[in-house]
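Visitor: I have a structure to go through and some questions about it. Can you put it up?
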Amino acid sequence: PIEKLGPTPNRRGTSVAFTPDPEIFGPELHFKPARLYKLARSKAYLFGGVEIRWKCAPELITDDTPAEAVFQFPGGLADHLKEQIGDRECATANFFSGSQDFPGEQQGRVEWAVAWPLWSDGSYSWYCNTIPTPDGGTHEAGLRAALVRGIRAFGELVGQKRAKDITADDVMVGCELMLSVFIREPQFQSQTKDRLTSPEAATMVERAVRDHFDHFLSDNMDRGKALLGYVVERMDERLRRKQER
């Protein structure tokens, strides 16, 4: 209940309280603080710079979820990915991150952060209008297209003839990435919104990411060649497994 939380300094806006109907959900239903904590934290890095204050009555917590916390990620997704990677060694010292706003009729926003740890099973977080879309969708397709076309073009630039055989999986397997898009009237595959189906998201993401990725690779040739070499190794592994089968 809100009364338990006590007064909050400089509180503004509207307070909202809600309780699940016991006739529908049963009398034993309880919210999971850990899940709400994770949700509140994700909103903070999806809206870079916004401060979110978390507070939960201690008696409701049964795990290591903090009773109080403040979330703020001025760098948005890049800050969150940096925290996630920690001190692990990556193919490139700098992450590939950025954002792009689209004004006018298309009106939307794309933000991304990608790292290539040398040893990782991969981690992918997709969002549309802050809604998690664990099955990816059209925004994922746009990112895949931008990354594979960008690395192939860079390979051609530096004379790596084998780059033409690189696939999107070679670029993305083992990488850890986050992608967030904001678009008008998004369309999803089902009511659970696990997969985005809006066709304009693919075009918007590819346009935003491809230009920045080209600069990321060519502005620092050593960095670009390091990532290209890493991706070619992934390609060789894929082809070797295919030959073994």
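Guide: A definition to begin with: two strands pair if DSSP finds at least two bridges between them. Helices (H or I, at least four residues) and strands (E, at least two) are DSSP runs, numbered from the N terminus. This is a predicted model, in which local features need pLDDT of at least 70 and side-chain atom pairs count only at pLDDT 80 or more, while totals for chains, interfaces and linings use all residues. Residues are numbered from 1 along each chain as its sequence is written, and side-chain values use heavy atoms, with hydrogens and water left out.

Visitor: Then which residue in strand 7 is the bridge partner of C128?
Guide: The partner of C128 is V181. Strand 5 (residues 123-128) and strand 7 run parallel and are joined by six bridges.

Visitor: What does strand 4 do with strand 7?
Guide: Strand 4 (residues 108-115) pairs with strand 7 in the antiparallel sense, over eight bridges. R109 has F182 as its bridge partner in strand 7, and E111 has S180.

Visitor: What is the strand order in the whole sheet?
Guide: The order is 3-4-7-5-6, in an open sheet of five strands with mixed pairing. Strand 3 and strand 6 are at the edges with a single partner strand each, so one side of each has no neighbour in the sheet.

Visitor: Is strand 7 mostly covered or mostly uncovered?
Guide: Mostly covered: seven of the eight residues of strand 7 (residues 176-183) are buried. Buried means under 20% relative accessible area, exposed means over 50%, and partly exposed is in between (1.4 Å probe, protein chains only). For the chain, 37% of the 245 residues count as buried.

Visitor: And what links strand 5 to strand 6?
Guide: Two bridges, with strand 5 and strand 6 (residues 131-132) pairing in the antiparallel sense. C128 stands opposite I131 in strand 6. The hairpin of these strands has two residues between them, and N129 takes a positive phi near 55° there.

Visitor: Change of topic. How many salt bridges?
Guide: The structure holds 13. A salt bridge here is a side-chain nitrogen of Lys or Arg within 4 Å of a carboxyl oxygen of Asp or Glu.

Visitor: Which residue does R88 bridge to?
Guide: R88 forms a salt bridge with E176, and the closest N and O atoms are 2.8 Å apart. R88 is in the loop between helix 4 (77-85) and strand 3, while E176 is in strand 7, so the pair ties together parts 88 residues apart in sequence. R88 counts as partly exposed, at 32% relative accessibility, whereas E176 counts as buried, at 5%.

Visitor: What about R149? Where is its partner?
Guide: The side chains of R149 and E206 meet in a salt bridge at 2.4 Å, N to O. R149 is in helix 5 and E206 in helix 7, 57 residues apart, so that the pair links distant parts of the chain. R149 is partly exposed at 44% relative accessibility, and E206 is partly exposed with a relative accessible area of 21%.

Visitor: How long is helix 5, end to end? What span should it have?
Guide: Helix 5 (residues 138-157) has 20 residues and should span 28 Å at 1.5 Å a residue; its end C-alpha atoms are 29 Å apart, which agrees. The expected span is 1.5 Å times one less than the number of residues. After helix 5 comes G159, with a positive phi near 85°.

Visitor: Now the rings. How many aromatic pairs?
Guide: The count comes to 12 aromatic pairs. Rings of Phe, Tyr and Trp (its six-membered ring) pair if their centres lie within 6.5 Å; planes under 30 degrees apart count as stacked, over 60 as edge-to-face and the rest as tilted.

Visitor: How do Y45 and Y127 sit?
Guide: The Y45 and Y127 pair is edge-to-face, 6.4 Å centre to centre with 75° between the planes. Y45 is in helix 3 and Y127 in strand 5, 82 residues apart. Both Y45 and Y127 are buried.

Visitor: And F96 with F213?
Guide: Their ring centres are 4.9 Å apart and their planes at 45°, so the pair is tilted. F96 is in strand 3 (residues 96-102) and F213 in helix 7 (residues 199-218). Ring pairs link F96, W112, W116, F213 and F216 into a cluster.
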